[in-house]
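Hello,

Here is the structure we talked about handing over. Please open it and keep it beside you while you read the notes.

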Amino acid sequence: MVAVSCGARATEIEKRMAAIKTVGVIGSGQMGNGIAHVAALAGFNVVLYDVSADRVKSAMATINGNLTRQVAKKTITEDAHKQAIARISSTDNLDGFANCDLVIETAVEKEDVKRKIFHDLCPVLRPDAIIASNSSSISITRLAASTDRPEKFIGIHFMNPVPVMELVELIRGIATDDATFDAARGFVTAMGKQIAVSEDFPAFIVNRILLPMINEAIYTLYEGVGNVEAIDAAMKLGAHHPMGPLELADFIGLDTCLSIMQVLHEGLADSKYRPCPLLVKYVEAGWLGRKSQRGFYDYRGDKPVPTR
């Protein structure tokens with residue numbers, strides 16, 4: 001009986017891994033276009049969707065530009081560039097995912113938004129299709145429970161910028177089955193990424209460590225221990241970080257930083273994860289970092305200028 005069971009499981013895993021040929025990506029922002037880029041370059045057909053056709057057009061321009069830079073650096077060939085672009089198509093509604101084997105959601109880090117997407121997505125998918133979330137902090141188990149296939153749901157959390165960063169976190173929900181996990185692992189490995197497996201706890205591994213550090217840097221600014229330049233210089237020169245924590249916060253997006261800290265604070269009920277009031281104030285002002293041209297730095301001129 002055991003041998004038959006193991007053999008059946010292996011067959012199911014192999015079937016799902018072999019079946020991932022077409023990948024849907026919901027959201028064409030920084031993460032979505034990066035995932036589409038690396039998936040297409042690895043030989044997967046990609047269907048890209050966003051609520052705005054202009055966003056998809058902008059995403060395709062970004063992907064093309066990034067691939068062109070890779071050609072210039074001789075990390076890929078011009079032929080690989082052309083083939084990758086040819087593998088990416090777009091859709092103006094979720095019905096375009098009907099033939100996808102795997103769909104990855106990369107929407108804003110708000111649980112109600114993600115749940116609405118999954119509610120609308122599930123009816124158009126094949127019964128055997130896998131759903132993944134690129135969530136950087138939200139419970140995969142809770143998100144999976146909002147779908148019709150929690151056993152075929154998994155967290156695949158790419159790092160930003162996706163074409164450059166080597167790591168992908170894989171997070172199983174409580175219902176995620178072995179075949180889904182192994183199919184996701186095969187998909188990530190095929191793109192040349194390294195995997196860190198995380199338990200389904202708030203913010204997983206990377207952001208559980210990284211975001212409290214950024215939040216503490218903001219508290220350091222808030223309390224007047226140092227200004228923006230001093231804090232970033234201290235960590236770059238004193239800890240050999242490639243980017244200062246406030247510069248990094250602007251790159252991630254201050255709204256995303258706040259969302260992750262709120263998930264940590266609410267999910268772990270520990271005051272050490274309380275978002276800094278200055279972070280809240282910047283988000284309320286619409287100063288979200290690079291994407292809004294102002295955050296801890298002002299990006300509207302020739303070079304970034306600290307705002308505090």
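This is a predicted model: local features need pLDDT of at least 70, side-chain atom pairs count only at pLDDT 80 or more; totals for chains, interfaces and linings use all residues.

Residues are numbered from 1 along each chain as its sequence is written, and side-chain values use heavy atoms, with hydrogens and water left out.

UniProt, in an unreviewed entry, places "domain: 3-hydroxyacyl-CoA dehydrogenase NAD binding" at residues 22-198; such annotations may be inferred rather than shown by experiment. Over residues 22-198 the chain is 41% helix and 22% strand (DSSP runs: helices are H or I, at least four residues; strands are E, at least two).

The unreviewed UniProt entry also lists a "binding site", with Gly27, Gln30 and Asn160 among its residues.

Gly27 sits in the loop between strand S1 (22-26) and helix H2 (30-41). Gly27 counts as buried because its relative accessible area is 13% (buried is under 20%, exposed over 50%, partly exposed in between, with a 1.4 Å probe and protein chains only).

Asn160 is in the loop between strand S6 (153-158) and strand S7 (167-172). Its relative accessibility is 23%, so Asn160 is partly exposed. The side chains of Asn160 and Gln30 are joined by a polar contact of 3.1 Å (a pair of N or O atoms within 3.5 Å; within protein, one must be able to donate a hydrogen and the other to accept it, and residues adjacent in sequence count only if both atoms are side-chain atoms).

Ala230 lies in helix H9 (residues 228-238) and is partly exposed, at 40%.

Regards
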